[in-house]
Amino acid sequence: MGSIQKGEDSSEFGSSVIQDVWLCDTLEKAEAFIASPHHASSSSDEGGRYKIKMQNYVGGSFTEPPSTSTTTATATSQYIDAVDPKTGKTFGQVPISSADEVEHALRAATDAFGPWSTTPAAARSKHLQRVAQLIQEHRELFAVWESIDQGKTLERARVEVDRAVSNFKVPQLRTAARVVDGANILTYEHRSPAGVFALISPWNMPLYLLTWKMAPCLAFGCTAVAKPSEVTSMTAFLLCEVFRRAGLPAGTMNVVFGDGATTGSALVRSPLVRGGVSFTGGTATGIQIRRDTADQIYKHLSLELGGKNPTLVFGDVEMDKAVQTAAMAAFENQGEICLCGSRIYVQSSIYDDFVAAFTAYVQANYKCGERVGAHLPLPLHREAPARGPGRRLLDPPTILTDVRPGSRLLQDEIFGPVATISRFATEDEAVRLANDNPNGLAAVLLTRDGARMRRVGERLEAGLVWVNCWLVRELGTPFGGMKSSGTGREGGEYSRDVFTHVRTLHMPLQ
Ligand code: NAD
């Protein structure tokens, strides 16, 4: 239940818009609320439906909407619709923050950096535990709005809220000291927070991927301005209220809403971003960010980009299990996970049996509105307009068989419920086909042969390889891609490299 919980630091709300939304922790309540008439803190469409006007969170407070803002010179004038993809109806408005508003937020992060970066790690960690606890207590609230905003099923949304909670369990720094051989000199590595960061996330797993960056950024002593995707901003808006209630020091984590061209671009380019940019999204955007920051060599860049991941099915598999794993890897969250195995390669000896079993299984188990939520239009839909809010579809998964090498279907990321199935004859051919793609994010290997698991697994050009399973992760292990799928790794101690500077000290042992 989303009422104010005992033990929360504040019985008041940071914003009247949040106050309105906070109790809507079931789909029924949220939908009834959206359909309710015009309210003072919102705007409404012609049908009188409520539209939640999201507000930036800067310096520990929600910014006033433009009409009541006293700083009109920097106020937002444009909004993007937030759309429920299941109904196509607009339920909210996401401000497109201007360069001035981005700078205002970056100044708050800069002011907060000094005190936060010198706060003991254990004290920082207590704040993060409080944030995790509050998300946990409001699990249904976050899951309901994630489902409404992104189109994913409520069940899938709950899994991602739980993962967001796990994100806040970041390990503390551990460093090792050594003695220089024969010189009686002590040497050790010292880490310090790298500075103010820009954190930018995509639309497909909104809360999970944003907190994946926020938690280590704060844990390692940095401050930030975060920008969620303009397509799915709602849970980031709710998260700001959690930060406020958790008593997270003002300015340590600021959230600005907006698109890439205006808000995101201003954020990554700003010289106030002294630490770096942690970005998750498409490869083309990653390339643009690298260009935009090329002459700011001091910025750490962590780029988690797109994938076009292979699933290799060898002739020795147990068919039922292989079908289930391959289907989950292809179609979980409507195929809108960067790690989805959308290129399935099957050994010729079992190809026909696999195609028949896979098709039957997907038809029976991946039904629209049940395991498959609403998704964006794909390049396959000929009339599909340019992607954007309000233009999503509810379609069953598409399976394309006998797709030949050289087809663009095997090259370009589709990022939706579409999987191809192709054949291979030998192990070498399987590895060659799997690696025949510019991306290298993830791969799935299905076989019962233990020696092959290592032999093939270690040759796959992918940052993450799953053998006979998919998506299970220990969140402290390195996450990231090879080739065009990105630069750098995040997760546990790997995030430490993103968010800290390292220096090596040498001193005589007297
Ligand atoms: P996108 O690149 O279009 O947008 C991602 C974010 O970048 C958004 O917040 C957007 O507003 C912002 N942005 C856009 N242009 C920008 C610019 N010039 N400067 C700064 N910010 C800018 O990606 P998307 O469509 O939201 O997400 C889908 C893509 O993300 C897919 O390619 C998917 O594979 C990838 N993805 C990767 C991972 C991973 O961990 N590797 C995880 C999830 C999604």
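A polar contact here is a pair of N or O atoms within 3.5 Å; inside the protein, one atom must be able to donate a hydrogen and the other to accept it, and residues adjacent in sequence count only if both atoms are side-chain atoms. The model is predicted, so local features need pLDDT of at least 70 and side-chain atom pairs count only at pLDDT 80 or more, while totals for chains, interfaces and linings use all residues. Residues are numbered from 1 along each chain as its sequence is written, and side-chain values use heavy atoms, with hydrogens and water left out.

**View 1**
Start with Trp203: one of its polar side-chain atoms sits 2.9 Å from an oxygen atom of the ligand. Thr285 also reaches in with its side chain, placing a polar atom 2.6 Å from a ligand oxygen. On its own the ligand would expose 850 Å², and the protein buries 90% of that (areas come from the Shrake-Rupley method with a 1.4 Å probe, and for residues only the protein chains shown count as cover).

**View 1. The shell around the ligand.**
How many residues surround the ligand? There are 31, and the closest are Ser201, Glu230, Thr285, Leu305 and Glu413 (a residue is near a molecule if one of its heavy atoms lies within 4 Å of it). Sorted by type, the shell has 12 nonpolar, 13 polar and 6 charged residues. For that sorting, Ala, Val, Leu, Ile, Met, Phe, Trp, Tyr, Cys and Pro are nonpolar, Asp, Glu, Lys and Arg are charged, and the others, Gly among them, are polar. Domain 1 (26-304) and domain 2 (310-472) both hand residues to this shell, so the ligand lies between them; the domain bounds come from an automatic or database assignment.

**View 2. Glu304, a spot flagged in a record.**
UniProt, in an unreviewed entry, puts the feature "active site" at Glu304. Keep in mind that UniProt positions follow the numbering used here, that feature names are shortened, and that annotations may be inferred rather than shown by experiment. Glu304 belongs to strand E13 (residues 300-304); strands (E, at least two residues) and helices (H or I, at least four) are DSSP runs, numbered from the N terminus. Is Glu304 buried or exposed? It is buried, with a relative accessible area of 4% (buried means under 20%, exposed over 50%, and partly exposed in between, using a 1.4 Å probe and protein chains only).

Move to strand E14 (residues 309-313), where you'll find Asn309. This residue is tucked away too: Asn309 is buried, at 1% relative accessible area. What does its side chain meet? A polar atom of the Asn309 side chain is 2.8 Å from the backbone oxygen of Cys340. A polar side-chain atom of Asn309 also lies 2.9 Å from the backbone nitrogen of Ala442.

**View 3. Two positive phi angles in a loop.**
Most residues other than glycine have a negative phi. Now look at Asn333, whose phi is positive, near 50°. Asn333 sits in the loop between helix H11 (319-331) and strand E15 (341-347), and with 2% relative accessibility it counts as buried. Gln334 is in the loop between H11 and E15 as well, and its phi is also positive, near 60°. Gln334 is buried, with a relative accessible area of 1%.

Gln363, in helix H12 (residues 351-365), counts as exposed at 57% relative accessibility. Lys321 and Asn468 are 147 residues apart in sequence, yet their C-alpha atoms are 8.4 Å apart. For a buried example, take Ser192 in strand E8 (residues 185-193), with a relative accessible area of 15%. Between the C-alpha atoms of Ser192 and Ser117 there are 7.9 Å, and along the chain 75 residues.
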